[in-house]
Amino acid sequence: MQEAHIFQWRSLKTRVTIFTLAIFLVSLWSLAFYAGRMLRQDMQRLLGEQQFSTVAFVAATLEDELKDRLQALEQGAGSIDARLLDRPAALQQFLEQRPILQVLFNAGVVALTPAGRVLAAVPVSSATPGADYLTREVLAATLREGRSMISEPVIDGQLKQPAFAMLAPIRDPHGQVIAVLLGRINLGSPNFLDRITANRYGKSGGYLLIDPQRRLIVSATDKSRSMEVLPAPGINPVIDRYIEGYEGS
């Protein structure tokens with residue numbers, strides 16, 4: 001019986017059968033591996049395109065929100081002339097008659113002289129003496145360059161909350177900048193960014209709004225990460241890649 005068993009294993013028919021079965025199994029495994037790999041790559045590509053499309057839409061929405069606020073501020077500044085600046089009560093009334101500005105800027109709107117002195121403000125409480133208005137550098141830049149600007153987000157000295165400001169120049173008939181209209185966004189209170197960052201991506205995902213120059217998280221779905229500083233260059237290559245301008249998933 002042992003000799004017959006050995007003879008069967010050594011037979012050409014047995015070897016061909018085993019060899020054919022081995023080729024079939026290897027081919028089946030190779031096909032499954034290839035199909036799984038291709039499916040994984042396709043899923044990664046499709047998910048990446050979906051993620052990027054979603055983020056691009058959110059970014060475009062955010063850009064529109066910022067443009068709307070800056071445009072409203074510029075229109076308000078364009079309606080103020082030198083005569084109105086010489087009449088503080090009239091200027092105050094002018095700002096109060098434009099409630100849309102207070103809707104767009106949750107921390108108020110202030111008219112400032114080139115020296116930073118408050119001429120009028122809505123609400124009046126936003127004109128607290130000694131407030132820095134986030135403008136020491138950006139105010140000087142607005143006066144110097146004569147164009148609207150957005151300040152860096154900082155911890156506001158008056159609000160004691162993270163905030164940023166938008167500034168639009170007020171000009172005389174000759175085009176010279178004679179004052180500035182400033183609107184503030186308090187990031188610690190409900191604001192227009194919340195409509196974006198409050199939404200989650202899927203069940204556990206979220207959004208981060210980052211200032212790349214300062215490597216600073218301005219706002220996030222996880223509010224505890226607001227004003228968080230990202231790792232220094234060289235520590236996290238993935239973050240470095242996006243800070244340097246890469247767009248993608």
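Pro123 is located in the loop between strand E2 and helix H6 (136-145), where helices (H or I, at least four residues) and strands (E, at least two) are DSSP runs numbered from the N terminus. The peptide bond that joins Val122 and Pro123 is cis, with omega of about -10 degrees. The structure is a predicted model, in which local features need pLDDT of at least 70 and side-chain atom pairs count only at pLDDT 80 or more, while totals for chains, interfaces and linings use all residues. Residues are numbered from 1 along each chain as its sequence is written, and side-chain values use heavy atoms, with hydrogens and water left out.

The protein chain contains 8 helices and 8 strands. Its radius of gyration, taken over C-alpha atoms, is 31 Å, whereas a compact globule of 249 residues would have a value near 18 Å by the rule of 2.2 Å times the number of residues to the power 0.38. Along the principal axes, the C-alpha atoms of the chain fill a box of roughly 120 × 30 × 30 Å. Of the 249 residues, 35% count as buried (under 20% relative accessible area, with exposed over 50% and partly exposed in between; 1.4 Å probe, protein chains only). Contacts are defined by heavy atoms within 4.5 Å; among those between residues at least 6 apart in sequence, 50% join residues at least 24 apart.

Strand E2 (residues 118-122) runs antiparallel to strand E1, to which 4 bridges join it; two strands pair if DSSP finds at least two bridges between them. Val118 of E2 is the bridge partner of Leu112. The two strands form a hairpin with 5 residues between them, and Gly116 in the turn has a positive phi of about 95 degrees. E1 also pairs with strand E6 (residues 177-186) in the antiparallel sense over 4 bridges, with Leu182 as the bridge partner of Val110. In a regular strand the side chains alternate between the two faces of the sheet.

Helix H4 (residues 88-96) has buried residues at Ala90, Leu91, Gln92, Phe94 and Leu95. Their cover includes helix H2 (12-78), helix H3 (82-85), E1, E2 and E6.

Strand E5 (residues 162-171) is largely enclosed by the rest of the structure, because 9 of its 10 residues are buried. E5 and E6 pair in the antiparallel sense over 9 bridges, and Ala165 stands opposite Arg184 in E6. The hairpin formed by E5 and E6 has 5 residues between the strands, and Gly175 in the turn adopts a positive phi of about 90 degrees. Strand E3 (residues 149-150) pairs antiparallel with E5 over 2 bridges, Ile150 standing opposite Met166. Strand E4 (residues 154-155) likewise pairs with E5 in the antiparallel sense over 2 bridges, and here Ile155 stands opposite Pro162. In the hairpin of E4 and E5, with 6 residues between the strands, Lys160 takes a positive phi near 60 degrees.

Positive phi values also occur in loops. Arg215, in the loop between strand E7 (208-211) and strand E8 (216-220), has a positive phi of about 50 degrees although it is not a glycine. Arg215 counts as buried at 13% relative accessibility. Met227 lies in the loop between E8 and helix H8 (237-243), and its phi is near 70 degrees, a positive value in a residue other than glycine.
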